[in-house]
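I am opening a notebook on a structure that is new to me, and I will write down what I look up in the order in which I look.

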Amino acid sequence: MSSPCSRRCRLAFTLVELLVVVAIIGALAALLLPAVQAARESARRSQCAAQIKQLALAVLNYESAVKELPASGIAAIEIEDEVEIFNPHGGKQFSWIVALLPYMEQAALASRFDMNRPVDFQRSNPQAETIPALNCPSDEAGGRFYLHPPPVAGMPARVFAKGNYAAYTSPFHIDLQMLYRGAFISGGQPMSAIEDGAVNTLAIAEVRTLDRDDDWRGAWAVPWPGASLLAFDMHPQGWDPGHGHSAGEVYAVMMNAPYRANPDSVGKTQTPNCQGPNKDTFNRCADDELYEAAEAGRMPCMWPGVAPGLTGHMSAAPRSLHPGGVNVAYLDGHVQFLVNHVDEFVMAYSISVNDGSTESPVE
């Protein structure tokens, strides 16, 4: 006969048994956690894809009503060497998203914009409003803002809310969008101008935001590089600008020719989540602290080193925190996942609207 004490002792856990159980639970949790995180990211990626599709459909509704695609932005157009240059930092500086607001169920917000005043001089600060439909949950852009230096000395800085979607304006540079056209260009263009077909034309992609108020990337109300506009930085083929000819003369000669990608640009383009050598270009990246923070966040930037204009080489890459690539929308409204290692020629021709190519990058 066993004693009551011995029976009680057999029913209890020993310290070794308890430690084994804890270790097993820890191992199971370690195995389960990545799966849970992957499932959550898959859901976030799906939500971002649904949002970019709705944005593309809003573009189509705009085109149906206005009979042309939204303008890339309302900004200054300058003439240099007989070439029209888009200067996103001149003029009233409204983005294509501002024009699209009534087609995104944001008519009330749209009515707060005074289109007779520059975007950084609005009375009710509509540009500071966070729009949930523009925020991908993977990036957590909601609640992030860019502080723009005041247009008049002595005034407070202007606040710009951030989002996660930007439009393609050129396979080359944002400033040269009038020569080498993407879907969104200054002044807008009819759907009939999309010579390669809406189903083959890359229109909108995701962008990331940096949690700093001196980094403008993602600022949805302005037509700046990486804010609401993207360009691929695949240079066009053309004759040598040497022999006494300026770059402007080269572009002027080529301005009526179909876009042809230059093999010399391979490895230097703004592919999804690009880490260089060409990086997102904007002037405030001249600040060392911002430059280092951007590098650490894997969304590098650089200062163009020149004033906006013909040699401004303005471009920016699509970016996301989805593993392996970004969500993109085409001009017909369909959505794809564009991988980081996409073929550079195919991507360039998917952005251009007049190259004669009907290839599209695929997942």
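**Entry 1, the surface.** Before I look for patches I note the rule I follow: patches are made of residues with over 30% relative accessible area and no salt bridge, and nonpolar side chains are joined within 5 Å. I also keep in mind that this is a predicted model. With that rule I find a nonpolar surface patch of about 510 Å², made by Val16, Val20, Ile24, Leu28 and Leu31. I looked up Leu31 in particular and found it in helix H2, which covers residues 15-66. Because its relative accessibility is 67%, Leu31 counts as exposed.

In soluble globular proteins, nonpolar side chains tend to be buried together.

In what order do the strands of the open sheet stand? I read the order as E9-E7-E8-E12-E13, and the pairing in this sheet of five strands is mixed. Strand E9 (229-231) and strand E13 (335-339) stand at the edges with a single partner strand each, so one side of each is left without a neighbour in the sheet. Neighbouring strands of this sheet are turned by 40 degrees against each other on average, direction ignored.

Strand E2 (residues 76-80) pairs with E3 in the antiparallel sense, over five bridges, and I find Glu78 opposite Ile85 in E3. The hairpin has two residues between the strands, and Asp81 takes a positive phi near 55 degrees there. Four of the five residues of E3 are buried, so this strand is largely enclosed by the rest of the structure.

I looked next for positive phi values in residues other than glycine, and Gln93 has one near 65 degrees. Gln93 belongs to the loop between strand E3 (83-87) and strand E4 (94-95), and at 10% relative accessibility it counts as buried. Asn125 also has a positive phi, of about 55 degrees, although it is not a glycine; its place is in the loop between H4 and strand E5 (145-148), and at 30% relative accessibility Asn125 counts as partly exposed. Which peptide bond is cis? I noted the one from Gly276 to Pro277, with omega near 10 degrees, and Pro277 lies in the loop between helix H5 (247-254) and strand E10 (280-281).

How many salt bridges does the structure hold? The count is twelve, and I looked up some of the pairs. Arg112 forms a salt bridge with Glu129, with the closest N and O atoms 3.4 Å apart. Both partners lie in the loop between H4 and E5, so the pair ties together parts that are 17 residues apart in sequence. Arg112 is partly exposed, with a relative accessible area of 32%, and Glu129 counts as partly exposed at 32% relative accessibility.

The side chains of Asp139 and Arg208 meet in a salt bridge too, at 3.9 Å from N to O. This pair links distant parts of the chain, since Asp139 is in the loop between H4 and E5 and Arg208 in the loop between E8 and E9, 69 residues apart.

My last pair is Arg217 and Asp215, whose side chains meet in a salt bridge at 2.8 Å, N to O. Arg217 is buried at 1% relative accessibility, and Asp215 is buried with a relative accessible area of 0%. I also recorded that salt bridges with shared partners join Asp139, Arg144, Arg208 and Asp211 into one network.

How values were computed. Residues numbered from 1 in each chain as written. Predicted model: local features only at pLDDT ≥ 70, side-chain atom pairs only at ≥ 80, totals over all residues. Heavy atoms only, no water. Patch = residues over 30% accessible without salt bridge, like charges linked within 9 Å, V, L, I, M, F, W, Y side chains within 5 Å. Areas by Shrake-Rupley, 256 points an atom, 1.4 Å probe, with all protein chains shown as cover. Salt bridge = Lys/Arg side-chain N within 4 Å of Asp/Glu carboxyl O. Buried < 20%, exposed > 50% of the residue type's maximum accessible area, 1.4 Å probe, protein only. Pairing = 2+ DSSP bridges. Axes fitted to C-alpha atoms, helices over the stretch in contact; angles between N-to-C directions.
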